[in-house]
Number of protein chains: 2
Amino acid sequence: MAGADQEAVRNKQVTLKHYVSGFPKESDMSVVTSSISLKIPQGSKDTVLLKNIYLSCDPYMRGRMSKSDSPSFVAPFQPGSPLNGYGVAKVVGSTHPNYEKGDLVWGFTGYEEYSLVTSPELLIKIQHTDVPLSYYSGILGMPGMTAYAGFHEICSPKKGEYVYVSAASGAVGQLVGQFAKLVGCYVVGSAGSKEKVDLLMSKFGFDGAFNYKEEPDFDAALKRYFPEGIDIYFENVGGKMLDAVLLNMRLRGRIAVCGMISQYNLEKPEGVHNLMQVVGKRIRMEGFLAGDYYHLYSKYLDMILPFIKEGRMKYVEDVAEGIESAPAALVGLFSGKNVGKQLVVVDGK
Amino acid sequence: MAGADQEAVRNKQVTLKHYVSGFPKESDMSVVTSSISLKIPQGSKDTVLLKNIYLSCDPYMRGRMSKSDSPSFVAPFQPGSPLNGYGVAKVVGSTHPNYEKGDLVWGFTGYEEYSLVTSPELLIKIQHTDVPLSYYSGILGMPGMTAYAGFHEICSPKKGEYVYVSAASGAVGQLVGQFAKLVGCYVVGSAGSKEKVDLLMSKFGFDGAFNYKEEPDFDAALKRYFPEGIDIYFENVGGKMLDAVLLNMRLRGRIAVCGMISQYNLEKPEGVHNLMQVVGKRIRMEGFLAGDYYHLYSKYLDMILPFIKEGRMKYVEDVAEGIESAPAALVGLFSGKNVGKQLVVVDGK
Ligand SMILES: NC(=O)c1ccc[n+]([C@@H]2O[C@H](COP(=O)([O-])OP(=O)(O)OC[C@H]3O[C@@H](n4cnc5c(N)ncnc54)[C@H](OP(=O)(O)O)[C@@H]3O)[C@@H](O)[C@H]2O)c1
Ligand SMILES: NC(=O)c1ccc[n+]([C@@H]2O[C@H](COP(=O)([O-])OP(=O)(O)OC[C@H]3O[C@@H](n4cnc5c(N)ncnc54)[C@H](OP(=O)(O)O)[C@@H]3O)[C@@H](O)[C@H]2O)c1
């Protein structure tokens, strides 16, 4: 074609086929091959062209796969268009004064090989490269800020308190448990397999851990692990677990409501019956979003980078190879296939 | 009988017949006639003998009528023994250095004509008698402190915010609405009859009010009264109303969980389905008990007494005559028979 872009390259993309109800499936997404110009279109100001390196698979993306009738905190995906979400990328072109070719960034990008980003305010430049680059999709990225803000800003933890974390081996949970230990709390986590439970105990230093799938009675399980009750619950799953936790909270307990993954694929969320516990026990339940706390990011880095380098903070990742594996990796979050932070390395082996 | 107490007097008492399940009935209580000595038993230190003047009927008493299997914030009543709860009384005898005959007090006493109180720490001396004495069972007593602490300490209200109060015409609700107006909020209340709705608008100065019993769809009703959403919900009823409120909360909304009267008589509390709203909207839900805030009582009096005297705060009471009427008055709370603060004047006409 006349005027065709000499610098156009292949751009594999993960698109949403259609809105999803119930559990998402790999077949709800397509991997399509498109092309993209490596030249930023003329006249595009403040635009950045990214070559994506790692894509982050995050549970909240499920909400964006549904046609939403009530406005949510983030817009739904568009069927036929690539998904977007957190990732780690290299700048290959920029008309924005803050970014130049070669910069490494993390933040909002597309589920594709290259992304043209017109709102680079959602990108953060990576300054420290003496740690694994993939960590910027996890411990040094959004999940890290989630665990940090959720635990330190919402839970008001004190030494000696009893902390319970659900989905404890995941991207966020493994960090919350380690933060709780750093504060001197007693921390118990739950997860969905023996392998994950072992990880909690042996790698992340939890004081106790159990496989919730083997507990027919969550209330009884919590009473076993918390005979004195729970001061802090870091809520990742919702539903029946929250109901059982409410029965086991202590006076003036705090529940940081981070997410409720057990509810994301249900037509109608389960009912929570024990909220009256909130009154007599003076419980504070508070929802939060990591994005509200990015002003604390450099403070967080100052704290966490030395811990990582000294080996005092561990981070387990589950790395899927190649952008083609992104649909399966994303879907796997909802059956607990991931062990640790699920991410995708765009250029697979 | 030899040695019988010359100073013994009749003491009518309201006793619990048996533990209750489901809605309480008048017949779950008995009015029995006993007798009591007007002399404090020898050797009883720090004891106060009260002649009860007003008894307060409070929804939380329902919980104490059930045999509790899980420890609650207050012990169950004993079948065969008189109920106890808040009231206003005159000291007729005292071996406690802080109280003397003739003092007026409010606080924890018995559902009976006379009470021998061995823990007078739960009594507060009445210093201001230029307001109706019955107010110490309401606006100047526990419900007053509930509304004050719940609204000012838990809700963090700001001028211009949208406030919703359920059970809005009751002992607590009518005060919350007026406090909200004093701060400059926009306040809407719900109640269970036309008479109560009229009271909210004409007497207490609510900006809007509706009869929830005539609303088949609470979500739709709230959308009508709060097209911009709700910043503050003062939660008195729980259940379906809470579920609808969650859908209508605004970003960073606060829910003061005062009580959930719609749930107190159910075998199993209803499920609340919309808690995931707490995350995206960063909602804070917090339970509280008035009793934790009594250190603010004198500050509260300094604020409220002038308002009462100037007529800037209204208080509607529903007065049942005679201790014999206490069972019906108490039970009536759960069908909304009371209009305003329900109390019993012990010596009826
Ligand atoms: N508020 C925020 O800003 C924010 C930010 C990030 C994440 N979040 C939330 O935090 C939670 C954890 O996210 P993450 O990124 O750390 O994910 P993750 O834990 O790494 O992965 C999801 C895990 O959830 C567990 N899970 C899936 N279905 C479940 C069910 N029905 N019941 C119980 N557990 C189930 C699975 O582990 P098991 O094998 O243990 O079942 C799965 O591995 C999610 O609710 C997410 O939405 C919130
Ligand atoms: N946390 C604390 O320290 C504390 C202290 C005091 C009170 N409270 C709580 O605050 C709330 C109000 O107490 P209050 O003393 O002010 O009582 P109140 O409102 O004076 O009396 C109870 C009222 O509740 C309403 N009600 C009854 N059943 C209901 C149902 N199924 N659904 C909706 N409304 C119902 C009725 O009014 P309608 O005609 O409007 O239905 C009734 O008049 C209660 O939940 C109570 O437990 C908490």
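Predicted model: local features only at pLDDT ≥ 70, side-chain atom pairs only at ≥ 80, totals over all residues.
One pairing joins the side chains of Asp292(A) and Arg252(B) in a salt bridge, with a distance of 3.0 Å from N to O.

**Elements of chain A that touch chain B.** Strand S12 (249-257), helix H7 (277-280) and strand S13 (284-287) of chain A each contribute at least two residues to the side of chain A that touches chain B, and the largest share of that side, four residues, is supplied by S13(A). Sorted by class, this side of chain A holds 16 nonpolar, five polar and seven charged residues.

**Area buried between chain A and chain B.** Contacts link 28 residues of chain A with 28 residues of chain B, and the area buried between the two chains is about 2,400 Å², of which carbon and sulfur atoms give 65%. In chain A, the most area is lost to chain B by His273(A), Val279(A) and Arg282(A), which together account for 23% of what that side buries.

**Backbone contacts of ligand 1.** An oxygen atom of ligand 1 is 2.8 Å from a polar backbone atom of Ala171(A), and the distance of 2.8 Å is also found from a ligand oxygen atom to a polar backbone atom of Val172(A) and to one of Ala290(A). The protein covers 91% of the 900 Å² of accessible area that ligand 1 has on its own.

Technical notes
Residues numbered from 1 in each chain as written. Chains lettered and ligands numbered in written order. Heavy atoms only, no water. Polar contact = N/O pair within 3.5 Å; in protein donor to acceptor, adjacent residues only side chain to side chain. Areas by Shrake-Rupley, 256 points an atom, 1.4 Å probe, with all protein chains shown as cover. Contact = heavy atoms within 4.5 Å. Buried area = accessible area lost by both parts, 1.4 Å probe. Salt bridge = Lys/Arg side-chain N within 4 Å of Asp/Glu carboxyl O. Nonpolar A, V, L, I, M, F, W, Y, C, P; charged D, E, K, R; others polar.
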